[in-house]
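Hello,

I am handing over the structure we talked about, with a few notes on what turned up in it. Please have a look below before reading on.

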Amino acid sequence: MSEFMEGLNLTVLGVTIVFMVLSILAVVLYAVGWTERRLVEREGKAPSPVPVPPSRAESEEKPAIPPRDLAVITAAVLAYTAEKASQLRLLPFKRKVSDAWRLYGVQSQMEEVEDFNYEMGKW
């Protein structure tokens, strides 16, 4: 009974130490985050708000690339990718069966034969 109590005592001690270390780690990480937030606030360099670009309805600016040129570029890219796609060739592959599964199959077959022979009385 004393061995059981010693094992129980050791288990409780181990679990207590683990949770104490995890608690200390959580407090340290919280403190690091808190100090980092304080340092950022002290610098006072808040990120400036990003100006919102006006919508297309509000600004009547022309696009950087004229629509005709954009259509020509798009057609050229599509023709190039279609040509490259026709040049691709498929590579055949053969899946290799893992040796672990093969050995498991052999082992299970041997056990079935042994069990069958045992039931027949031929061992």
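In which helix is the place of Val18? Val18 sits in helix 1, residues 2–43; helices here are DSSP runs of H or I with at least four residues, strands are runs of E with at least two, and both are numbered from the N terminus.

A word on the source first. This is a predicted model, where local features need pLDDT of at least 70 and side-chain atom pairs count only at pLDDT 80 or more, while totals for chains, interfaces and linings use all residues. Residues are numbered from 1 along each chain as its sequence is written, and side-chain values use heavy atoms, with hydrogens and water left out.

The protein chain has three helices and zero strands, in the order α-α-α from the N terminus. Its mean pLDDT (the predictor's confidence in each residue, from 0 to 100) is 79, with 70% of residues at 70 or more.

Helix 1 has 42 residues and spans 62 Å from first to last C-alpha, close to the 62 Å expected from 1.5 Å times one less than its number of residues. After helix 1 comes Gly44, with a positive phi near 70 degrees.

Val18 counts as partly exposed because its relative accessibility is 47%; buried means under 20%, exposed over 50%, and partly exposed in between (1.4 Å probe, protein chains only). Of the 123 residues in the protein chain, 0% are buried.

Happy browsing!
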